[in-house]
Amino acid sequence: MISTARAVLHVERHISYNIVVNGFHQSCVQYINQKWRQKRGLTANPNTCGPLTNLPDYTFKNGKPTPLGVRQKARLDKQRDYASKIIKLVGEIDFAVDRHARMQEKEKEERQEILNNKLKPKGDLLLQIQADTIKK
């Protein structure tokens, strides 16, 4: 029977390495100082974006464009998909807001029309209003 001993080494306050003895080795887990990165507005994973990830590895002296990197095309396609989805969803939300405002306005006009039809002037007041409209 193989015994497995585990140890956690705390190198610094924010970095821990997990070690497995007499068993399968697990890759050490580094806890990047997330609070420090968050305060400075950086991403949680420093390898997701930046000049090393987004820019080409080399350039030609004559100005010829460099080919895309290994996963750069996939990242560009993914970002285009995100952008198109965002534009589509924002358009749907704008349409829904406009439609809701139109429906509220229509309902308000219908209520006002009902009130105007219910409360009509009668008698002398009606004759006076008709006389005023004829004079104009």
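Biologist: Does Y82 count as buried, exposed or partly exposed?
Modeller: The model is a predicted one, and in it Y82 has a relative accessibility of 44%. A residue is buried under 20% and exposed over 50%, with partly exposed in between. Because 44% falls between these limits, Y82 counts as partly exposed.

Biologist: Which residues form a nonpolar patch on the surface with Y82?
Modeller: Y82 itself is placed in helix 3, which covers residues 72-118. The patch has about 290 Å² of accessible area, taken over its members together.

Biologist: In which order do the elements of the protein run from the N terminus on?
Modeller: The protein has four helices and two strands. Read from the N terminus on, the order of these elements is β-β-α-α-α-α.

Biologist: What share of the residues in the protein is buried?
Modeller: A residue is buried when its relative accessible area is under 20%. The protein has 136 residues, and the buried share of them is 4%.

Biologist: How many salt bridges does the structure hold?
Modeller: One of them pairs D77 with K73, and another pairs R80 with D77. A further salt bridge joins R111 to E107. For the structure, the number of salt bridges is three.

Biologist: How far apart are the closest N and O atoms of D77 and K73?
Modeller: D77 and K73 are four residues apart in helix 3, so about one helical turn separates them. Both are partly exposed, D77 with a relative accessible area of 29% and K73 with one of 44%. A salt bridge requires a nitrogen within 4 Å of a carboxyl oxygen, and here the closest N and O atoms are apart by 3.3 Å.

Biologist: Which residues are linked in a network of salt bridges?
Modeller: D77 forms a salt bridge with K73 and also takes part in one with R80, where the closest N and O atoms are 3.3 Å apart. R80 and D77 lie three residues apart in helix 3, about one turn of the helix, and R80 counts as exposed at 53% relative accessibility. The residues linked in the network are K73, D77 and R80.

Biologist: What separates the closest N and O atoms in the salt bridge of R111 with E107?
Modeller: In helix 3, R111 and E107 are four residues apart, so their separation is about one helical turn. R111 counts as exposed at 53% relative accessibility, whereas E107 is partly exposed with a relative accessible area of 35%. In this salt bridge the closest N and O atoms are separated by 2.7 Å.

Biologist: Which residues that line the largest pocket are the closest to its centre?
Modeller: About 210 Å³ of space lies in the largest pocket. Its lining is made of 14 residues, and the closest to the centre are L55, D57, G69, V70 and Q72.

Biologist: Which helices each supply at least two residues of the lining of the largest pocket?
Modeller: By class, the lining has seven nonpolar, four polar and three charged residues. The elements that each supply at least two residues of this lining are helix 2 (51-54) and helix 3.

Biologist: What distance separates the C-alpha atoms of L76 and N54?
Modeller: L76 is found in helix 3, where it counts as partly exposed at 34% relative accessibility. Along the chain, L76 and N54 are 22 residues apart. The separation of their C-alpha atoms is 9.5 Å.

Note on methods. Residues numbered from 1 in each chain as written. Predicted model: local features only at pLDDT ≥ 70, side-chain atom pairs only at ≥ 80, totals over all residues. Heavy atoms only, no water. Patch = residues over 30% accessible without salt bridge, like charges linked within 9 Å, V, L, I, M, F, W, Y side chains within 5 Å. Areas by Shrake-Rupley, 256 points an atom, 1.4 Å probe, with all protein chains shown as cover. Salt bridge = Lys/Arg side-chain N within 4 Å of Asp/Glu carboxyl O. Buried < 20%, exposed > 50% of the residue type's maximum accessible area, 1.4 Å probe, protein only. 1 Å grid on protein atoms, 1.4 Å probe; cavity = no way out; pocket = protein on both sides within 12 Å on 5 of 7 lines; lining within 4 Å. Points joined across faces, edges and corners; volume = space filled by probe spheres on them. Nonpolar A, V, L, I, M, F, W, Y, C, P; charged D, E, K, R; others polar.
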